[in-house]
Amino acid sequence: MRKNRFIWLIAIVIVMAAIFWFSNQTKSASLGVSDTIAATIHMSSTKSLIFGLSVRKLAHVGLFGLLGFVSMGYFRSWWKAGILCYVYAITDEIHQYFVPGRTPSIYDTFVDAIGFGVVIVLYCLISSLRKVNLDSENE
């Protein structure tokens, strides 16, 4: 059991490092990634601006959703995982204050909370259903 917890802990560190890496990109680098994705699917510049914003927000949701998942794997507690994820979301925004061209946004922490919140809720629901199924099989 300890080995599994260690693997989950390593996964948490890897996801946090990925979030840190993306947050450490300057604004122009971040916009460049969004523009590249938009160009890949052949969007006009107006649509690209809107799509780029959506790509960045979906990245927040996806990465923090992944952090929520690995945190649940480690803690097996929705509130501990939620606290870890939200504190990391706040520190991520503080970190962006020091990155050229980036600004912290409380709004982004709410977007992050949607990502990890949905995943944590789904994790709890699936775990509960699995437990009910296992209990009914054992009767």
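Begin by selecting arginine 5, which lies in helix H1, residues 2-23. Helices here are DSSP runs (H or I, at least four residues), numbered from the N terminus. The model is predicted, so local features need pLDDT of at least 70 and side-chain atom pairs count only at pLDDT 80 or more, while totals for chains, interfaces and linings use all residues. Residues are numbered from 1 along each chain as its sequence is written, and side-chain values use heavy atoms, with hydrogens and water left out.

Glutamine 96 is buried, with a relative accessible area of 2%. Its side chain has a polar contact of 3.4 Å with that of serine 23, and another of 3.5 Å with that of arginine 102. A polar contact is a pair of N or O atoms within 3.5 Å; within protein, one must be able to donate a hydrogen and the other to accept it, and residues adjacent in sequence count only if both atoms are side-chain atoms.

Finally, select aspartate 108 and lysine 57, which form a salt bridge with their closest N and O atoms 2.3 Å apart. This pair links distant parts of the chain, helix H5 (residues 106-137) and helix H3 (residues 45-75), 51 residues apart. A salt bridge is a side-chain nitrogen of Lys or Arg within 4 Å of a carboxyl oxygen of Asp or Glu. Aspartate 108 is buried, at 7% relative accessible area.

Note on methods
Helices (H or I, at least four residues) and strands (E, at least two) are DSSP runs, numbered from the N terminus. Buried means under 20% relative accessible area, exposed over 50%, partly exposed in between (1.4 Å probe, protein chains only).
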